[in-house]
Amino acid sequence: MKIVVLDGYTENPGDLSWEAFAEFGELTVYDRTSYVESPLIAERIGDAEIVIINKTPISAATIDKCQGIKLIAVLATGYNVVDYNYAKAKGIPVVNVPTYGTQIVGQYALGLLLEICSHYGHHDETVKEGKWQNCPDWCYWDYPMIELCGKTAGIIGLGRIGQATARLLNALEMKVIAYDTHESESGRRVAEYVALDELFRRSDVIFLHCPLFPETEGIINKNNIAKMKDGVIIINNSRGQLIAEQDLADALNCGKVYAAGLDVVSTEPIRPDNPLLTAKNCLITPHISWAAQASRQRIMDATLENVRAFLKGETLNRVN
C-alpha cells in the first residue's frame with residue numbers, strides 16, 4: 001500500500017508525527033505541492049493508493065491520470081478542493097474530519113470580536129511605544145470601547161461550530177439569534193431561529209459559520225448589507241467566498257459596517273489587490289482558527305482512523 005501526503009506542512013510543521021501512517025505501507029510526505037491545478041500533483045501521486053491532502057486540489061483530470069487512487073483523505077472539514085462527485089463516480093471514497101475544531105473555531109470567532117471591541121493589541125503597542133507614560137490622564141483609549149452584554153448576535157449556520165460560538169455568546173449575556181436551513185433541538189437550546197432577513201435586520205454582530213455552497217456563496221453582499229443595522233460588525237472564520245469582498249470593503253469604508261474580523265478570504269494566501277487589505281476597521285488573520293496543536297493532533301488522529309477503517313473494508317466520515 002502506497003500512501004502520499006501532498007501538503008502536510010500546515011498540519012504538521014514539526015510538532016506532530018506521521019509515523020503511525022507508515023504502519024499501513026510505504027509513506028511519502030511532501031510539505032507542499034500546489035494549491036492550484038498543476039501537473040506536479042499527479043506526478044507526486046503516481047501509483048499511490050491513498051492520497052492525503054489539506055488544500056491541494058484533486059480534480060477529475062488528476063483522478064484520471066492516477067488510476068491507482070483508492071481513497072482520498074482530507075485533513076480538514078471542508079472538502080471542496082476535491083472533485084468528490086467525480087471521485088464517487090469512479091468508486092473512490094472521499095473522507096474528511098468533521099469535528100476536530102468545534103471549540104477552537106468558536107473560541108477564535110469570539111476572539112476576533114473581542115479584539116474589535118477593545119483593540120487589545122493596538123493598546124498594548126501604544127503603551128510600549130511610551131504613550132501611557134507620557135499621558136496627562138491616568139488612562140486613554142484610541143477606539144470606542146464596545147460592551148457586548150445585551151446586544152444581539154446573529155449566527156448564519158448553527159451547526160456544531162455555530163452552537164459552540166452561541167454558547168460563548170450566551171455567557172456574555174448577548175441575545176443570540178440564528179438562521180439555518182436545518183433547525184435542531186440542540187440549536188434551539190442556545191439560540192432563537194429566525195428568517196435570514198430578520199437576522200440581518202436585528203443583529204449587532206453577524207457570525208458566519210455556514211458551509212460554502214452555491215446558495216451561500218457571496219451571502220454577505222451589498223444587497224444584504226443594506227438590510228443590516230448601521231454599525232454592524234461582521235465575523236467570518238468559515239470560508240472567504242461567503243463574502244463579496246468589494247461590497248464589504250465599500251461598506252466598511254463608508255461606515256455602514258463598523259468593523260469586520262476575518263480569518264479567511266476568497267483566495268488564500270491573500271492577494272495584494274484584495275480590497276479588504278485597505279478597508280477601514282478590517283482585522284484579518286491568516287486562516288489560523290484551526291491551528292492550535294491540540295486541534296491539529298485531533299485531525300491527525302481522525303485521519304489515521306479514517307485510513308485504518310478503509311483498510312478494514314469500512315469507511316468513516318465519507319462525504320461522497
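Author: What follows is a short chat about strands, salt bridges and aromatic rings. Keep in mind that this is a predicted model.

Reader: Good to know. Let's start with S3: which way do its side chains point, and are they buried or exposed?
Author: Strand S3 covers residues 50-53. Ile50 and Ile52 point one way, while Val51 and Ile53 point the other way. All four of these side chains are buried.

Reader: And how many bridges join S1 to S3?
Author: There are three bridges between S3 and strand S1, residues 2-5, and the two strands run parallel. Isoleucine 50 in S3 has isoleucine 3 opposite.

Reader: What about S3 and S4, how many bridges there?
Author: Four bridges join S3 to S4, which is residues 71-74, and this pair also runs parallel. Isoleucine 53 has valine 74 in S4 as its bridge partner.

Reader: How does the chain get from S3 to S4, and which hand does the crossover have, right or left?
Author: The path goes through helix H2, residues 60-65, and the β-α-β crossover is right-handed.

Reader: Nice. Changing topic: how many salt bridges are there?
Author: The count comes to 15 salt bridges. One of them pairs lysine 90 with aspartate 64, at 3.9 Å from N to O.

Reader: What does arginine 188 form a salt bridge with?
Author: With glutamate 183, where the closest N and O atoms are 3.0 Å apart. Arginine 188 counts as partly exposed at 42% relative accessibility, and glutamate 183 is partly exposed with 46%.

Reader: And what meets glutamate 192 in a salt bridge?
Author: That would be arginine 202, at 3.6 Å from N to O. Glutamate 192 sits in strand S8 (residues 192-193) and arginine 202 in helix H8 (residues 196-202), 10 residues apart, so to speak a link between distant parts of the chain. Glutamate 192 is partly exposed, with a relative accessible area of 30%.

Reader: On to the rings. How many aromatic pairs are there?
Author: Two aromatic pairs. The ring centres of tryptophan 18 and phenylalanine 21 are 5.8 Å apart with the planes at 55 degrees, so that pair is tilted. Both tryptophan 18 and phenylalanine 21 are buried.

Reader: Why is the pair of tyrosine 79 and tyrosine 84 edge-to-face?
Author: Because their planes are at 80 degrees, and the cut-off for edge-to-face is over 60. The centres of tyrosine 79 and tyrosine 84 lie 5.0 Å apart. Tyrosine 79 is partly exposed at 23% relative accessible area, and tyrosine 84 is partly exposed at 26% relative accessibility.

Reader: Last one: what sits over the ring of tyrosine 9?
Author: The charged end of arginine 32, at 4.4 Å from the ring centre.

Methods:
Residues numbered from 1 in each chain as written. Predicted model: local features only at pLDDT ≥ 70, side-chain atom pairs only at ≥ 80, totals over all residues. Heavy atoms only, no water. Buried < 20%, exposed > 50% of the residue type's maximum accessible area, 1.4 Å probe, protein only. Pairing = 2+ DSSP bridges. Right-handed = clockwise from strand over helix to strand, strands pointing away. Salt bridge = Lys/Arg side-chain N within 4 Å of Asp/Glu carboxyl O. Phe/Tyr/Trp six-rings, centres within 6.5 Å; stacked < 30°, edge-to-face > 60°. Lys NZ or Arg CZ within 6 Å of the ring centre and 35° of its normal.
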